[in-house]
Structure formats: structure tokens, C-alpha cells
Amino acid sequence: MPHDHADPAHDHHDHDDHDHDHGPGHAKGHGHHHHGHDHGPGGHSHAPKDFGKAFAVGAALNIGFVAAETVAGLMTHSLALLADAGHNLSDVLGLFMAWGAVVLAKRAPAGRRTYGLRKGTILASLTNAVVLLVAVGAIAWEAVRRFADPQPISTGPVMVVAAIGIAINTATALMFMRGSKDDLNIRGAFLHMAGDAAVSAGVVVAALAMALTGWLWLDPVVSLGIVAVIVLGTWSLLRDSLDLALDAAPRGIDPKAVRAWLAERPGVSEVHDLHIWAMSTTETAMTAHLVRAPEPGQAPDHDQFLHDICGTMASRFNIGHVTIQIEHGGVGPCHLAGADAV
């Protein structure tokens, strides 16, 4: 059943609540084709939350701490302290990047950017993961080099500065904790700050152990241990961000379950061309073709049918932007019905 659609994404109608409001559900008639667009109940509730105050406070605290920690690291010859300062600096940049993405995501669609700049939150989380891994890679390199030339450090000042870092980074991480489960971009900021707190704690442990034992090699050993912890914590952020950047279904949404639920709707005989992807780190979109023959002698109920589907997609599957194309199957199979069609 050929469709005359210019969009190469197979009728993925870009839409947004800034452009128009279709109400609870609607269908557009194109001969025997019907397209339903609905944000669904609660579909407007997944925009990026406002963490502006958390970003501002966290960035200000960490900029001041990076400056103080760099001076202290140079004065005490502590690799762990300098490594922590470098890591903190990358995290300040990460905070600004995540903050900027949240601001841009709230801009209304315009011109060719029919989704606005929501995807920026995904790109920010991906970049943050890469930057974090590069930063800890530099720490690991310097730690390995320091094994051949261990340096004595002033353990007292080092522990004091690192303890301050624990307090600052823990406080900043807590400001992002409530959004870290639902927003990958905020999760990136949270992991940066939590990682900094872990690094600072490691510095305290290393300095205390060296003060008690005099073993200078503990400084690079602890640095490598911290690197391992951060890499383990960042890997999932990198994986999930890359998945969303490649338009995979967000983690926690099972496309098979969505397909099965759609196939069980009254009158539906086939589901094909199903696509689920992230518009941002907090908003998910879906398109699908449903073959649904009209009941003999009954008036079409497409509006209510679409309304019910969109409501459940939002409440049960957390998919707020839904596009459904209804086909009656009367003129042959849809050219997008094949399993290998994209």
C-alpha cells in the first residue's frame, strides 16, 4: 500500500507542544489513511527539569576549589591532589555543558529543527562521558609514570584540601541526585560530582597512609584505584548516551512489549514500521503503522482509539510523543510492512 510521504523517516511527523495542541487525540483523514498525533496524558511532563540553581552553585563552588587545589597540589608535590584538580576542572566544563544543553532543550522548534534542540541533552551526556574517560586516562598515565619517580608530599595540607573537596563535591552531587534516575544529562552531572567526591576521599586515604607508613608509592596506587572506580561508574553513562544518540529505544522501554500491546488493541491485525527513539534525555517518541479493518456497519472510532493508545503510551511506557498511522489493508500490503524495512 504505497504512501506518498516525502519524509524519508517513513511518516515520522515531527511535532511538539510548542507548535500546536491537538487535544487528547485526533486523526487526519487521507483517503483510507489515518494519522494520530498525541502527546498523551502526562506527555508534556517530561521536559528537562530546571536545575539552573544547582548548576550555578555547583559550578561556582568547583571553580573556586579547582584554583585552590591546583595551588595546594603544586606546593605539596601531590600527584593525587593535582589529578583531583584536573578531574574537577573537567567536571566544571561538564557542568556548563549539561547546563547549556538543558537551556537549549527548552527552545521552541524553528525552521528545519522541528524538534528544537532537545537532542542537545543527549549529545551533552555523551560528551561528558567521553571527557570524563579522557580525564581519568590522563590521571592513569601520570600515575604510572610516577611509580618510577615517587615524590614526597606534605600529607597534612593535602588531607585538609581533599577533605574540603569531599564536602563541596558531595553537596553538589546531592543537588543532582533527584534527577539522575530520570534524565541521562543530569545523571552525567551527578556522576561527575560523585566521582570527584570519590577522588578526594582517595586522596585523603593515600595521604593518611603515607603519613603513617612513609610509602610514597601509595600516591599513584590510590590514583589508579580511583581511576578504576570512575571508569566503572562512567561506562554505563557512555553506553546509554551512545544508544540514545543512535536512536535506540531508551533503557527501560521494551519495544517487544510495546508491539505486543499494540497488537492486542481491538480490531488490530498487524503492527509494522514501529520506531521508538529519544527526542532528548527526558522525552521519548514513537511511530507505528496499525492495520485495522473497520467493523461492518459501525462508524469509525479512530479518535477514541488513538486517544486510548496515546494515553497508555504515556502512562504505561513513558512515551509522550506518539504518531499512529491506521491502515485498512484493502489495497495490498504496506511497503513498510517487511521485517527488514526501516
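Buried denotes under 20% relative accessible area, exposed over 50%, and partly exposed the range in between (1.4 Å probe, protein chains only). The model is predicted, so local features require pLDDT of at least 70 and side-chain atom pairs pLDDT 80 or more, whereas totals for chains, interfaces and linings use all residues. Residues are numbered from 1 along each chain as its sequence is written, and side-chain values use heavy atoms, with hydrogens and water left out.

Select Phe147 in helix H3; helices are DSSP runs (H or I, at least four residues) numbered from the N terminus. Phe147 is partly exposed, because its relative accessibility is 38%.

Next, select Ser125, also located in helix H3 (residues 120-147). Ser125 is buried, with a relative accessible area of 0%. Display its contacts (heavy atoms within 4.5 Å): beyond four places in sequence, Ser125 touches Leu184, Asn185, Leu237, Ser241 and Thr281.

Proceed to Lys119 and Asp247, whose side chains meet in a salt bridge (2.7 Å, N to O). This pair links distant parts of the chain, 128 residues apart: Lys119 lies in the loop between helix H2 (79-105) and H3, and Asp247 in the loop between helix H6 (218-245) and helix H7 (255-263). A salt bridge places a side-chain nitrogen of Lys or Arg within 4 Å of a carboxyl oxygen of Asp or Glu.

Finally, select Asp240, which forms a salt bridge with Arg187, their closest N and O atoms being 3.0 Å apart. Asp240 belongs to helix H6 and Arg187 to helix H5 (residues 184-213). Asp240 is buried at 8% relative accessible area.

How values were computed:
Helix = DSSP H or I, 4+ residues; strand = E, 2+ residues; numbered from the N terminus.
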